[in-house]
Amino acid sequence: MKHSITMGEKVGYSLGDVAANLAFQMMMIYQLKFYTDIFGLDGAIAGTVLLIAPLASAFIDPFIGLITDRTNTRWGKYRPWLIWTALPFCVFYVLAFWNPGIEDKGLVAVYATVSYLLLLTMYGFNNTPYASLGGVITNDIQERTSLNKVRFICTSIAQFVVQGFTLPLVDRLGNGNAAHGWVRTIILFAVLAFVFLIISFLSTKERIQPPPHQSMSIKEDVRETFTNTPWRVLFVLVLCVFIAIAMFGSSANFYFQSYLDQNTLQQFLGNFGFNISKNEAYTVGFSLFNTLNAVVQFMGVLFLSELLANRFGKKTTFTVGLALCTIFTALFYLPSPRDVGMVYALCLLKSLSYGPTIPLMWAMIADAADHMEYINHRRATGFCFSGIIFALKSGMGIGGAIAGLILSIFGYMSGIGNTQSETAVWGIRLVTSLVPALLFTMGVVVMYFYPITKSYNEKMQAELAHRRKMSASRNDK
């Protein structure tokens, strides 16, 4: 039996990821910059914080998956975690961007590590069951793609808000005090996230249950997940992709502030009606860059993702989109400091290439969970998704750490804006182009080994639907 779902439920489910992305986008784009410029940490130390906290929290995620798979309430296995974790998640989000005013930089690094670890741990307790919920709302291939399409249309809006409005909000709410501006902006986002998580809990329903009489065996869950070829491919893919995303996201800040010529950037923005001073060029220019990125990705999700996936399959669409994204990321090495127009053009092309792939990755993870049931007659949806969240967090931490380390090695100095040395600027260019492109390339290569093609998926879903129908018939008797 195929499960159709209403647009209201799709939007309600999607708001849970909007809540997560109000924090996630902030971590990906601004965390390194916040640590270097607000906390005053050296790039290498900031990168170490961005490595330690995600890796430490990532090792908790598999246990979260095992716990949520064994949760049984009248609301389901995964839904209740959205409401249980809403408040602590939002509190830790605020604490991670609050400057306690500590003078000793060693203690500042400790505070940054602990607060970031708490945020990421609660993110795992919130987002692992949330992602797992998407795998049990419907078993219909097209509905699952549609659900993830709506989900990432909504998260594109969150991305647009965070990337496009954070710096202007920090300036406006801080009234000249950057630290105050940051924490007030985060409080605003945290309140919105709390409301969205409650709505997501209230508007969704779990429909796919584990096969009847499935034994609850941790050993079997682990063994069958780790031997599941689609899951292993996706684990490596997510690790590579999020190392690249974190690296590019963290370094683009520095690319705009310390590499691009601020006079040229000011003049370029003036052509589009932005009457700003040279000192405002970085803030407005980077916000516009992020806004365009979010809008174009939104268009890719809205108009291309489902259309291309239904015609060519998720694997082909994802692989081609990621390959094009790789090329355009590498090309960010080429513009001179005055080639501002080229930078924005590459942003449009990169975003349009990557946009259609965004919902497909999560739909493929749900397919991998189905594949485990197809082969082994058992489901471990929570553990399956928790392993991917482990890869995501690890990638985010490794990418941020590599970015911070490269900046430190090449001599980046915090607090001096666009007066960096030539060597530091070269490091910024590398970590915004060629290095993340290398990681994207690895993701393209690993997709060759992903076995679930369009025809295979249709066959698998038909067999699973038949099994569930026969099981329901036996239970009725």
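Which residues does Gln25 touch, not counting residues up to four places away in sequence? In this predicted model, the list is Tyr30, Gln159, Val162 and Gln163.

## Gln25 in helix α1

Gln25 belongs to helix α1, which covers residues 7–37. Its side of the story is a buried one: Gln25 has a relative accessible area of 10%, and the cut-off for buried is under 20%. Two of its contact partners, Gln159 and Gln163, are also glutamines.

## Phe242 and its surroundings

Let us move on to helix α9, where Phe242 is placed. Phe242 has a relative accessible area of 6%, so this residue is buried as well. Leaving aside neighbours within four places in sequence, Phe242 is in contact with Phe24, Met28, Met361, Leu392, Gly395 and Met396.

Gly399 is worth a look here too. Gly399 and Phe242 are 157 residues apart along the chain, yet their C-alpha atoms are separated by 7.1 Å.

## How α9 packs against α11

Two numbers are handy for a helix pair: the angle between the axes and the distance between the axes. Helix α9 (residues 229–259) packs with helix α11 (residues 281–312) at an angle of about 140°, and their axes are 9 Å apart. That angle makes α9 oblique to α11, since only values over 145 degrees would count as roughly antiparallel. The crossing of the two helices is right-handed.

Which residues of α9 and α11 meet? On the α9 side they are Phe248, Ala252, Asn253, Phe256 and Gln257, and on the α11 side Tyr282, Gly285, Phe286 and Phe289. Sorted by class, this contact has six nonpolar residues, three polar ones and no charged ones.

## Aromatic pairs

How many aromatic pairs does a search of the whole structure find? The search gives 41. Phe34 sits in helix α1 and Trp182 in helix α7 (residues 178–203), so the pair ties together parts that are 148 residues apart in sequence. Both Phe34 and Trp182 are buried.

Another pair joins Phe248 and Phe332. Here the ring centres are 5.2 Å apart and the planes are at 70°, which makes this pair edge-to-face too. Phe248 lies in helix α9, while Phe332 is in the loop between α12 (314–330) and α13 (340–354), so the pair ties together parts that are 84 residues apart in sequence. Phe248 is buried at a relative accessible area of 9%, and Phe332 is buried at 1%.

## Positive phi away from glycine

Asn175 has a positive phi of about 50° although it is not a glycine. Asn175 lies in the loop between α6 (141–174) and α7. Is Asn175 buried or exposed? With a relative accessible area of 66%, Asn175 is exposed.

His377 is not a glycine either, and has a positive phi of about 60°. The loop between α14 (358–376) and α15 (381–409) is where His377 is found. His377 has 48% relative accessibility, so this residue counts as partly exposed.

Methods:
Residues are numbered from 1 along each chain as its sequence is written. This is a predicted model: local features need pLDDT of at least 70, side-chain atom pairs count only at pLDDT 80 or more; totals for chains, interfaces and linings use all residues. Side-chain values use heavy atoms; hydrogens and water are left out. Axes are lines fitted to C-alpha atoms, for helices over the stretch in contact, and angles run from 0 to 180 degrees between N-to-C directions. Helices (H or I, at least four residues) and strands (E, at least two) are DSSP runs, numbered from the N terminus. Angles under 35 degrees count as roughly parallel, over 145 as roughly antiparallel, 65 to 115 as roughly perpendicular and the rest as oblique. A crossing is left-handed if the near helix is turned anticlockwise from the far one by less than a right angle, and right-handed if clockwise. Contact means heavy atoms within 4.5 Å. Ala, Val, Leu, Ile, Met, Phe, Trp, Tyr, Cys and Pro count as nonpolar, Asp, Glu, Lys and Arg as charged, and the others, Gly among them, as polar. Rings of Phe, Tyr and Trp (its six-membered ring) pair if their centres lie within 6.5 Å; planes under 30 degrees apart count as stacked, over 60 as edge-to-face and the rest as tilted. Buried means under 20% relative accessible area, exposed over 50%, partly exposed in between (1.4 Å probe, protein chains only).
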